[in-house]
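I set out to record what I looked up in this structure, entry by entry.

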Amino acid sequence: MPVKSVKDLFVHEISDTYNAEKQMTRSLPKLARAATDPELRQAFEDHLQETRNQVERLEQVAEQCGFKLKRIKCDGMEGLVEETMSLVDLIEKGPVLDAALIGAAQKAEHYEIAGYTSLCLLAKKLGFADALPLLQTSLSEEQATDQRLGLLAEAAQIEEATA
């Protein structure tokens, strides 16, 4: 579907974000299994439930705004997930992998924060007042997860490995 209007752009971006969130629901359990720090594992598990709720909210937004979600693959999130999974394969389980997982997860959170920020702006411009609180809730959750990951990174006991 060509994007010719702001509403078309909104539909496209909601559909893209929907696919990104669906990809996250598949990757977060893998991140939780790879993490050795119990708090990091819990953060991934907690965010998985939030992500499932975000998927539902995006479905509600589409319904409220009167359109169907398009089948779009989010290439950006796909790249972030692939990059993260390559780290899981490359780095031995332990504090270094935990540090890598935090960094990779924060990249994904920043990507999602940018997406939800844009969606909120488009919803305002289009007058989708009922959709805006749903999108703002997801944006707030993404920001809180980013902060939680940042705190975990600061608290992590990471020492330089010696050969």
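**Entry 1**

I looked up Lys22 and found it partly exposed, at a relative accessible area of 32% (partly exposed lies between buried, under 20%, and exposed, over 50%; 1.4 Å probe, protein chains only). The areas come from the Shrake-Rupley method with a 1.4 Å probe, and for residues only the protein chains shown count as cover. I note that the model is predicted: local features need pLDDT of at least 70, side-chain atom pairs count only at pLDDT 80 or more, and totals for chains, interfaces and linings use all residues. Residues are numbered from 1 along each chain as its sequence is written, and side-chain values use heavy atoms, with hydrogens and water left out.

I placed Lys22 in helix 1, residues 6-34 (helices are DSSP runs of H or I, at least four residues, numbered from the N terminus). Together with Arg26, Lys30 and Arg33, Lys22 forms a positive surface patch (residues with over 30% relative accessible area and no salt bridge, like charges joined within 9 Å). Lys and Arg count as positive here, and the place of a charge is taken as NZ of Lys or CZ of Arg.

I then turned to Gln54, in helix 2, residues 38-65. Gln54 counts as buried, at 0% relative accessibility. Leaving aside residues up to four places away in sequence, I found Gln54 touching Glu21, His47, Tyr116, Ser138, Glu141 and Glu142 (contact means heavy atoms within 4.5 Å).

Phe44 also belongs to helix 2 and is buried, with a relative accessible area of 3%.

**Entry 1: salt bridges**

How many salt bridges does a search of the whole structure find? I recorded five (a side-chain nitrogen of Lys or Arg within 4 Å of a carboxyl oxygen of Asp or Glu).

Asp46 and Arg148 meet at 2.8 Å, N to O. Asp46 lies in helix 2 and Arg148 in helix 5 (residues 131-155), so this pair ties together parts 102 residues apart in sequence. Asp46 is partly exposed at 31%, as is Arg148 at 33%.

Glu83 and Lys107 form a salt bridge at 2.7 Å, N to O. This pair links helix 3 (residues 75-90) with helix 4 (residues 95-126), 24 residues apart.

Lastly, I logged a salt-bridge network of Lys73, Asp75 and Glu78, in which Glu78 and Lys73 meet at 3.3 Å, N to O.

Technical notes. Patches are made of residues with over 30% relative accessible area and no salt bridge: like charges are joined within 9 Å, nonpolar side chains (Val, Leu, Ile, Met, Phe, Trp, Tyr) within 5 Å. Helices (H or I, at least four residues) and strands (E, at least two) are DSSP runs, numbered from the N terminus.
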